[in-house]
Amino acid sequence: TVSLLSISKQIPAVVVVGIGYPKPGPAFSATWGGRNLDYTPPVNKAWTEQILKDLVDKSKAYGYEPVTAIGGAPEFLAFVRDELVPSIETKYNVSASDRAWGGYSLGGLFGLYVLLHEGSPFQRFLLGSPAIQFANHVINRIEADYASTHRNLPAKVFLSTGDSGDIPVTDIQGLAAELKSHYSGLRVDVQIFEGENHSSGPPAAFSRGLRA
């Protein structure tokens with residue numbers, strides 16, 4: 001998508017950095033455990049136990065190895081900020097003041113977590129169908145806590161979901177309204193894709209999000 005949009009001059013030149021996992025295998029069979037650990041905010045013991053129980057059932061249904069841990073977003077953010085970003089900057093001609101995080105579903109949830117924390121290494125966020133229902137909308141409580149001590153948030157955020165998916169449109173619109181009302185310097189672009197669901201939404205989210 002980046003290649004096509006760059007060739008057609010719809011976006012500027014972009015260096016895309018993909019973060020993978022050492023386990024071999026296709027698609028989610030290789031990333032299932034890593035995504036559920038790295039992209040989720042920490043929650044209390046009761047929520048952790050409940051979520052892990054649900055993920056055991058999903059893992060069996062999908063034929064994946066069971067998820068054994070969640071809530072690793074603080075450590076993953078530290079890795080991205082303190083190890084990955086400096087490594088990329090030493091190897092490529094990239095801008096320190098114009099970085100973007102692009103993520104879908106849990107990857108979008110992690111993007112929101114990064115947005116709402118001090119020392120974010122990113123200024124732009126492409127967040128497709130972020131899993132904001134995780135742990136009874138814990139990200140909304142994180143946002144409320146952040147808003148209680150912050151009024152300026154210089155960033156550009158693209159939020160999207162499909163109107164036929166399992167991320168409710170009202171949840172996305174409500175979060176966008178809260179972000180807009182709480183912070184100066186923040187630009188929020190919301191896109192609802194007609195006829196798209198959680199599984200069909202990524203191509204539209206990344207195409208529109210990159211251009212936004």
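**Sheet, crossovers and pockets**

Reply: β3, helix α7 (residues 169-182) and β4 form a β-α-β unit that is right-handed. The model is predicted, so local features need pLDDT of at least 70 and side-chain atom pairs pLDDT 80 or more, while totals for chains, interfaces and linings use all residues. Numbering starts from 1 along each chain as its sequence is written, and side-chain values use heavy atoms, without hydrogens and water.

Me: What makes a crossover right-handed?

Reply: The strands point away from the viewer, and the path from the first strand over the helix to the second runs clockwise.

Me: How do you know what counts as a helix or a strand?

Reply: Both are DSSP runs, numbered from the N terminus: helices are H or I with at least four residues, strands are E with at least two.

Me: Why are β3 and β4 called paired?

Reply: Pairing needs at least two bridges found by DSSP. Nine bridges join β3 to β4, so these parallel strands pair. V157 stands opposite V188 in β4. Five bridges join β1 to β2, also parallel, so they pair as well. There, G103 faces L127 in β2.

Me: What makes β1 and β4 edge strands?

Reply: The order is β1-β2-β3-β4, an open sheet of four strands with parallel pairing. β1 and β4 each have a single partner strand, so one side of each lacks a neighbour in the sheet. Neighbouring strands are turned by 10 degrees against each other on average, direction ignored.

Me: How do you know that α5 packs on the sheet?

Reply: Contact means heavy atoms within 4.5 Å. Helix α5 (residues 106-115) touches β1, β2 and β3. Its direction makes about 145 degrees with that of β1. Axes are lines fitted to C-alpha atoms, for helices over the stretch in contact; angles run from 0 to 180 degrees between N-to-C directions.

Me: Why is a space called a pocket and not a cavity?

Reply: On a 1 Å grid over the protein atoms alone, a cavity is a set of points where a 1.4 Å probe fits but cannot get out. A pocket is an open set, with protein on both sides within 12 Å along at least five of seven lines.

Me: What makes a residue part of the lining?

Reply: An atom within 4 Å of a point. The largest pocket has 49 such residues, with V14, V15, A100, W101 and G102 nearest its centre.
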